[in-house]
Amino acid sequence: MWQSVITYAIVAAAAIWVAWSVLLPRRLRVRIGAALRRPTAAGACGCDKR
Amino acid sequence: MTALDTAAPHAFARIALVGNPNCGKTALFNALTGSRQKVANYPGVTVERKLGNFVTPAGRRVQVLDLPGTYSLRARSPDEAITRDVVLGRQAEEPAPDAIVCVADATNLRQVLRLVLELKQVGRPLILAVNMFDIARHRGLEIDLEALSQALAIPVVASIAVRKGGTEALLRRIDTLADATPSVVETGGWTEPSATEIRRAHREADRILKLVVRATGRPAIWTARLDRVLLHPVAGIVILLAVLFLMFQAVFSWATPAMDTIKDGFTWLGAAVGDVLPPGMLRSLLADGVIAGVGSVLVFLPQILILFLFIILLEDFGYMARAAFLMDRIMGGAGLHGRAFIPLLSSFACAIPGVMATRVIENRRDRLTTILVAPLMTCSARIPVYTLIISAFVPRTTLGGVVDLQGLVMFGLYATGIVSALLIAFILKRVLWRGETEPFLLELPNYKLPDPKNVLLGVVQRGRIFVRRAGTIILAMMILIWFLSSVPGAPAGATEPAINYSIAGQIGHWMAPLLAPIGFNWQIAIALVPGLAAREVAVAALGTVYAVSAGDGEALRSTLASTLAAHWSLPTACALLAWYIFAPQCASTLGVVRRETNSLRWPAFLFVYMIALAYAAAFATFHVTTALGL
């Protein structure tokens, strides 16, 4: 039972990640990110690409 | 025309690095910011602007922009237009730089002086950083920086971007200039120069050069000597083919011990999971989904690293620009512009930077043709697919005791990709879009001993990208594939394997009739769908699907290659290889084509023509190999 619960949680997390990172268009992702006031992506060195 | 720019409250917060291609701007950017952007010994590596930060000795926090190389502000290609627009403050959503650092190759000052004269017209504070100063001195070039500064009426400093402390003079000069610059800077308007003005600038550059370069440097003797052989019309091509051939031989022969170690590591990990967890869903997910799936991709890491070690060494040495020169006649025959070589070369790593690198091509049709054929170059994501099938179906023998057969097949697959790209380019440029191919001008860099730090960083970066993909997209996809392959379970009294009743099994069986004519079974059909996200996902998906099919723990006892050898015919394997040469199985590539062409039409065209080619090639391969009785 406990194995099933953990497995379904992992599968749900993977599905959300794929939907967000792969399926959702980048423009929409940026818009949602901006709406949530998420900082723009930047490398560890502080540089970004445009 | 003059404009009055009001500087930001924190004046002098933003500088732009401008200069000729291959003068070391990105190396300087990396040295200033501690960043690790790609540098290579050929022009056209940087095609987009990059932003970083550094702090000057006086504690001033400065943003620095690395811009694509250009010979003039009269931009002729999209990458040069980025530089012009940023420098002139015309780039949307991009504040104009407070100052410009013009980077010069000390061994080739003449080219940059004309650019400096143009930049002076812009009117922003300007510093000339004479880079690669050590190489110029080694060649006997004595550059009088003081005289150069007086002649140009701007500050001039020497820099050695690849040496520790080689940017100190520049940093100090930035502070001095910032202190001396008023918060409001009057910028002059730049207008495209006429032919007379260009000639005048040429004369002025020559005059300054005579004033400041005190001794005639020794020519790069080794570069001339090597070029006599490496650029020979016949010997040069033979050497190029030999270099590529050796590269693929090494990819197979050198990687085996490391691959075996990784394979053993995953086998041990799978067994450990089996020992720790009792039978159940989580154990199956970890063993059959995560370890069998992700492990089947990660095992190819050594081959990726060896391939990129060769590519980066050749880039740093300065050989890749020669390869472009050698290939120009062949590429020109197919209608490709000589400048297409660098984008096509970049596509061997990944089609995305390759498509972006087409910005160096001025003519729109030439650029579009290159974009449409770049995904046919064998990207690193195809390596796991190719090597899996080769190791499963091609015996590990040598021909004549010298040539590794597996390496030879790999070389053939790469060659097929290149030849296909040339053929498609020929059809597009010579049949559909008839027009003249513009002449190709490429500045050949001097040969340099590869910088070990740069080589190591480049290889580590490629390895990190591969591992990150395995740990993110491939891992997430494998968890979903495992779920779809396991749910719903087999009904009571079922006689077939459980996966046949699962969602993935049903999708695979539904797709199977479409793919049967090209010899693909339903397991391959399942793998092809998530493979659209990234090609190597298909390998991981095959690992998961066969692991789930085999039952708990079985996958740990046999490798994926041996499983495929037992389940597939040779014609099926050959057909899948043919499919992967052409299949447009990379959503990110289609996305970047859409962005670069600013149209949905071209990615749609790319997808349709590549999928049609993939199906036709797989169909022909399957039926020919079957008819031959293989």
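Good morning. Helices, in what follows, are DSSP runs of H or I with at least four residues, and strands are DSSP runs of E with at least two, both numbered from the N terminus. In those terms, chain B contains 26 helices and 12 strands. Please keep in mind throughout that this is a predicted model.

I shall begin with chain B as a whole. Its C-alpha atoms occupy a box of roughly 90 × 55 × 45 Å along the principal axes. The radius of gyration is 28 Å, which agrees with the value near 25 Å that a compact globule of 630 residues would have. Of those 630 residues, 49% count as buried. If we take the contacts in chain B between residues at least 6 apart in sequence, 74% of them join residues at least 24 apart.

How is chain B divided into domains? The assignment gives domain 1, residues 2–218, and domain 2, which is made up of 237–437 and 456–627. The centres of the two domains, taken over C-alpha atoms, are separated by 41 Å. Between them, 11 residues of domain 1 of chain B are in contact with 15 residues of domain 2 of chain B. On the domain 1 side of that contact, four residues are nonpolar, three are polar and four are charged.

Let us turn to a group of paired strands in chain B. Strand 2 of chain B, residues 14–19, is mostly covered, with five of its six residues buried. Which strands does strand 2 of chain B pair with in the parallel sense? One of them is strand 4 of chain B, residues 61–66, joined to strand 2 by four bridges and running parallel to it. Here B:Ala16 stands opposite B:Leu65. Another is strand 5 of chain B, residues 99–105, which pairs with strand 2 in the parallel sense over five bridges. In that pairing, B:Val18 stands opposite B:Cys102.

Strand 4 of chain B is also joined to strand 3 of chain B, residues 50–55, by six bridges, and these two run antiparallel. Strands 3 and 4 of chain B form a hairpin with five residues between them, and B:Gly59 in the turn has a positive phi of about 85°. As a general point, side chains in a regular strand alternate between the two faces of the sheet.

Next, a helix of chain B. Helix 24 of chain B covers residues 570–582 and reaches 19 Å from its first C-alpha to its last, close to the 18 Å expected. Is helix 24 of chain B largely enclosed or largely open? Of its 13 residues, 12 are buried, so helix 24 is largely enclosed by the rest of the structure. Among the buried residues are B:Trp579, B:Tyr580 and B:Phe582. The buried residues of helix 24 pack against helix 16 (382–393), helix 17 (405–432), helix 20 (522–528) and helix 26 (601–627) of chain B.

Finally, I come to the contact between the chains. Here 17 residues of chain A are in contact with 21 residues of chain B. Two elements of chain A, helix 1 (2–23) and strand 1 (48–49), each give two or more residues to the side that touches chain B. Helix 1 of chain A gives the most, with 11 residues. By type, this side of chain A divides into 10 nonpolar, four polar and three charged residues.

Thank you for your attention.

Definitions and conventions:
Residues numbered from 1 in each chain as written. Chains lettered and ligands numbered in written order. Predicted model: local features only at pLDDT ≥ 70, side-chain atom pairs only at ≥ 80, totals over all residues. Contact = placed C-beta atoms within 7 Å. Nonpolar A, V, L, I, M, F, W, Y, C, P; charged D, E, K, R; others polar. Buried ≥ 20, exposed ≤ 12 C-beta atoms within 10 Å, placed from the backbone. Pairing = 2+ DSSP bridges. Rg over C-alpha atoms; globule rule 2.2 N^0.38 Å. Domains from an automatic or database assignment. Expected span 1.5 Å × (residues − 1).
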